[in-house]
Amino acid sequence: MRLLEPTVPGPRLPVSTPLDEVEAAAAGAGTLVLEFGAFRDGRGFSLASILRERGWTGRLVAAGHVLPDQARHLKRSGFDAVERPAGDDAGPWERMLAAFDVAYQPAADETVPAWRRRAAETRHDPETLAARLSAQAGEAEPLDVLRAAFAVPGLKIAALSSFGAEAAVLLDLIARTRPDTPVLFLETGQHFLQTLQYRRALTERLGLTDVRLVVPDAGERADLDPKDDLWRTDADACCDLRKVRPLARASAGFDALITGRKRYQAGTRQALEVFEVLDGQLRINPLAAWSAEQIEDNAVAHDLPRHPLVSQGYLSIGCWPCTSAVAEGQDARSGRWSGVDKTECGIHLGGRLVPAV
């Protein structure tokens, strides 16, 4: 972009001129001067961009109240030159034109706009991100784990909660960090009434603002479980229909999913990492390393309300047909699918349990 002394020959129009009049004036001119009445008036940039988009190739000059800080933006909008007042120092303009190596809106040249570059930079590879976050916060306290994840630019994060026996601890941490985090609740249609009541009460108590109910697909449910008794004959298929498939759909728009899993809950979780990748998605398990005592101490310290069924011996709470109370000394998840060779519903295993219909 050139810096010109006044006065530039050619039609001169204020940036307040209607577009059709500007186009008419530009059609018969090799040079067009647009005069800014105020440096903050964006109409000049819009007019320039539209003229260039519609194919006008003449020389476009900015005049009036424009500042050196706007040099790059003027160039990217399509201006070829700036008309400077007599005696004006060209130094600030030249320094500003040389200062930037990115552009902030698309125009005729090939420079990649900054917004597009930033978008490209925030497409995270989950394996790389998991390794980086593990090195940064893998041994950190749960609150710091969440803060590290939320600090990643452009990372779309949701939380998964059953609103079960220990759900309040994780949800409280999320509420204290980012209460507008989407929280996905798998509404299977088979929950205890106490769980549904607890979900509403805990959501209000913690100030969570985006709890989303995720339900099974109506067509799949009609085909695979028309009598709502699939759990009797095939618990894996029932979980796949009511949990695995709905979660896969609901979480598809997120880069990462926060869960409340802990290593002490079951033998299948003893090697659980704080940051892991499952089916191409980052899973964040802030409470992985905490013991049952730490969970209890945290709940007491923050006066968190308990799920009503905990006092009746239910230490891990899912759907009512497949959940039972736990005997003293048993691990927390021994009451899930009791008497069946099954320890997980499938949402944390990866892949599918039964093929999609």
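**Close-up views of a predicted model**

**View 1. Helix H7 and what covers its buried residues.** The buried residues of H7 are covered by elements including helix H6 (126-137), strand E6 (157-160), helix H8 (167-177), strand E9 (256-258), strand E10 (275-278) and strand E11 (281-284). H7 spans residues 142-150, and seven of its nine residues are buried. These are Pro142, Leu143, Val145, Leu146, Ala148, Ala149 and Phe150. Buried means under 20% relative accessible area, exposed over 50%, partly exposed in between (1.4 Å probe, protein chains only). Helices (H or I, at least four residues) and strands (E, at least two) are DSSP runs, numbered from the N terminus.

This is a predicted model: local features need pLDDT of at least 70, side-chain atom pairs count only at pLDDT 80 or more, and totals for chains, interfaces and linings use all residues. Residues are numbered from 1 along each chain as its sequence is written, and side-chain values use heavy atoms, with hydrogens and water left out.

**View 2. Asp225 in the loop between helices H10 and H11.** Asp225 is buried, at 2% relative accessible area. A polar atom of its side chain lies 3.1 Å from the backbone nitrogen of Asp228. Asp225 also touches Glu220, Leu230, Leu241 and Arg242 (heavy atoms within 4.5 Å), leaving aside residues up to four places away in sequence.

View 3. The disulfide count is zero, where a disulfide is a pair of cysteine sulfur atoms within 2.5 Å. The sulfur of Cys238 is too far for a bond, because the closest cysteine sulfur, in Cys239, is 5.9 Å away. Cys319 is in no disulfide either; the nearest cysteine sulfur, that of Cys322, is 6.6 Å away. Cys238 is buried at 8% relative accessibility, and Cys319 is buried at 14%.

Technical notes. Polar contact = N/O pair within 3.5 Å; in protein donor to acceptor, adjacent residues only side chain to side chain.
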